[in-house]
Amino acid sequence: MTVHYQIDNEVFANYIEKINPSDPILADIAAYNEHHPKGGMMMDPVQMQLLAWLANLMNTKYYLEIGVFTGYSSTAMGLRLPDDAQLYLCDISVSYTDIARNFWQKAGIDNKIQLYLQPALITLRALLEDGKKDFFDFVLIDADKAPLVDYIENTYPLVRQGGVIAIDNTYQKGKVVGQVKEDDSASLQVIRRFNQDIVKDSRFSSVMLPLGDGLTLLMKK
Ligand SMILES: C[S@@+](CC[C@H](N)C(=O)[O-])C[C@H]1O[C@@H](n2cnc3c(N)ncnc32)[C@H](O)[C@@H]1O
């Protein structure tokens, strides 16, 4: 397949930031993460511009996120979605999400947020038991990779028809391409299998984009 033009992602991201600077709170979170030992876990700003725009286009009222960290993706969504939107956020780390809470308060979006601090699979099952079937408009999965298929299966009933599930890191820095190796990490094996299976999954219409470390979008048919 011929690619017509190859973009330098860093040059592109800096250009976008220059002509359309991020909200100051998002810039603060990004700057904070630059000095955080795990700061590289933050979603890519260009990915979040697309996801927040898309969620807004879809009139998202109910947003679910698995993997909050210090709050970049949730703040990007919270700032973009309307006042009556509700963000249901899942993480296991008190220390990461305490930092996120601080940014949500500064952004004035904390009133839209419900944080569930326990393994996400427990929260997903509890939400279904709580009657949240076909409820969410938009879901972002950006957490541990080993349970990815369980996350999808447990999210599926919670999402409305036409709703979107976005999954980050599906390119695994290019490692999904090429030979399978014996020492491939469990995450890489899971993502490689996921990428192959999801395109055949008739429950979804899917697209995989070269944004950040690979972004897959699934629309529930
Ligand atoms: C890649 S980071 C999320 C980055 C975030 N979306 C952002 O833009 O900053 C992954 C997060 O998943 C959380 N996590 C890991 N295992 C989890 C689990 N079993 N359930 C819920 N969250 C989990 C981690 O604590 C971490 O905060």
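**Entry 1: serine 73**

I looked up serine 73 and found it in helix H4, residues 72-80. The model I am reading is a predicted one. Is serine 73 buried or exposed? Its relative accessible area is 3%, and the cut-off for buried is under 20%, so I wrote it down as buried.

Next I listed what serine 73 touches, leaving out neighbours within four places in sequence. The contacts are Met43, Met48, Glu65, Gly67 and Leu140. With glutamate 65 there is also a polar contact between the two side chains, at 3.1 Å.

**Entry 2: the ligand**

Serine 73 came up again when I turned to the ligand. A polar atom of the serine 73 side chain lies 2.8 Å from a ligand nitrogen. I then checked two other side chains. In aspartate 91, a side-chain N or O atom is 2.6 Å from an oxygen atom of the ligand. In tyrosine 151, a side-chain N or O atom is 3.2 Å from a nitrogen atom of the ligand. How much of the ligand does the protein bury? The ligand taken alone exposes 600 Å², and the protein buries 90% of that.

I counted the surroundings as well. The ligand has 18 residues around it, and the closest are Gly67, Ser73, Asp91, Ala120 and Asp142.

**Entry 3: helix H6**

Just after H6 I found glycine 131, with a positive phi of about 90°. In the loop between H6 and E4 I found aspartate 134. Its phi is near 55°, which is positive although the residue is not a glycine. Aspartate 134 has 41% relative accessibility and counts as partly exposed.

I located glutamine 172 in the loop between E5 and H8. Its relative accessible area is 15%, and buried means under 20%, so glutamine 172 goes down as buried.

Threonine 170 is in the loop between strand E5 (159-168) and helix H8 (186-198). Leaving aside neighbours within four places in sequence, I listed the contacts of threonine 170 as Val176, Ile191, Phe194, Asn195, Met208, Asp213, Gly214, Leu215 and Thr216.

**Entry 4: the nonpolar cores**

Last, I looked up the cores. The largest nonpolar core has 34 residues. Which of them touch the most other members? They are Met48, Leu51, Tyr63, Met77, Leu89, Trp104 and Phe138. I followed up leucine 51. Not counting residues up to four places away in sequence, leucine 51 touches Met43, Met77, Phe138, Leu140, Ala166, Leu215 and Leu217. Apart from this core I found another, of 28 residues, including Leu64, Cys90, Val139 and Phe204.

Conventions. Residues numbered from 1 in each chain as written. Predicted model: local features only at pLDDT ≥ 70, side-chain atom pairs only at ≥ 80, totals over all residues. Heavy atoms only, no water. Helix = DSSP H or I, 4+ residues; strand = E, 2+ residues; numbered from the N terminus. Core = buried A, V, L, I, M, F, W, Y, C linked by side-chain atoms within 4.5 Å. Buried < 20%, exposed > 50% of the residue type's maximum accessible area, 1.4 Å probe, protein only. Contact = heavy atoms within 4.5 Å. Near = heavy atom within 4 Å. Polar contact = N/O pair within 3.5 Å; in protein donor to acceptor, adjacent residues only side chain to side chain. Areas by Shrake-Rupley, 256 points an atom, 1.4 Å probe, with all protein chains shown as cover.
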